[in-house]
Amino acid sequence: TSNWSRQRTMVGVISNAQYQARVTMSDGRMQVVGSGNYTVSAPALPSVSVAVSPGTVRAGQNMNFTASLSQGVGVAKVELVFPAANVVEAMQANSATSWSRTRTMSGVIAAAQYQVKVTMSDGRVQVASGSYAVTK
């Protein structure tokens, strides 16, 4: 008896797909020696923690926005969103689970909301929110 195995990284979501294990004999004949079904589920949406440093700046100063994800599998992009200003900016990946963006803040605003939007490769979205302030 011989044991054979193969591992694959699965890239697509599929349900109840069939597989066959085939052996090619020394005379060239192919023989099916096993079969079954498998399912590949979408990765879970990551939980997202956001932070901004410092939380308050004067107009013209920089703020650093960060996002920590519980896992990075299947993440297509991470964006920094300012809903009140209708502004969306790409965040930079420091690793699969750590993202950041530094930006110069312009307009004076007290207790404004920002969001970090995580888009998965299958289109699902996870959003986390935080607040910041810009003074004169």
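Which residues does Thr-119 touch, not counting residues up to four places away in sequence? In this predicted model, the list is Gly-74, Val-75, Ala-76, Lys-77, Glu-79, Arg-124 and Val-125. Thr-119 sits in strand β10. Its relative accessibility is 12%, so Thr-119 counts as buried, the cut-off being under 20%.

Leaving aside neighbours within four places in sequence, Val-116 is in contact with Val-48, Val-50, Ala-67, Val-78, Glu-79, Leu-80, Met-91, Gln-126, Val-127 and Ala-128. Glu-79 is on this list, and Glu-79 is also touched by Thr-119.

Next comes β6. Strand β6 covers residues 75-82 and pairs with strand β7, residues 87-90. The pairing is antiparallel and runs over 4 bridges. Glu-79 has Ala-90 in β7 as its bridge partner. Together β6 and β7 make a hairpin, with 4 residues between the two strands. In the turn, Asn-86 has a positive phi of about 55°.

Strands of a sheet pair through backbone hydrogen bonds, either parallel or antiparallel. Here 4 strands follow the order β3-β5-β9-β8, with antiparallel pairing. The edges are β3 and β8 (92-93), each of which pairs on one side only. Inside the order, β5 pairs with β9, residues 98-104, over 7 bridges.

Last, the empty space. Rolling a probe the size of a water molecule over the atoms shows where empty space is left. The largest pocket has a volume of about 290 Å³. Its lining consists of Arg-6, Arg-8, Met-10, Tyr-19, Gln-20, Ala-21 and Tyr-38. By class, the lining divides into 4 nonpolar, 1 polar and 2 charged residues. Which strand gives the largest share of this lining? Strand β1, residues 14-24, does, with 3 residues.

Methods
Residues numbered from 1 in each chain as written. Predicted model: local features only at pLDDT ≥ 70, side-chain atom pairs only at ≥ 80, totals over all residues. Heavy atoms only, no water. Pairing = 2+ DSSP bridges. 1 Å grid on protein atoms, 1.4 Å probe; cavity = no way out; pocket = protein on both sides within 12 Å on 5 of 7 lines; lining within 4 Å. Points joined across faces, edges and corners; volume = space filled by probe spheres on them. Nonpolar A, V, L, I, M, F, W, Y, C, P; charged D, E, K, R; others polar. Contact = heavy atoms within 4.5 Å. Buried < 20%, exposed > 50% of the residue type's maximum accessible area, 1.4 Å probe, protein only.
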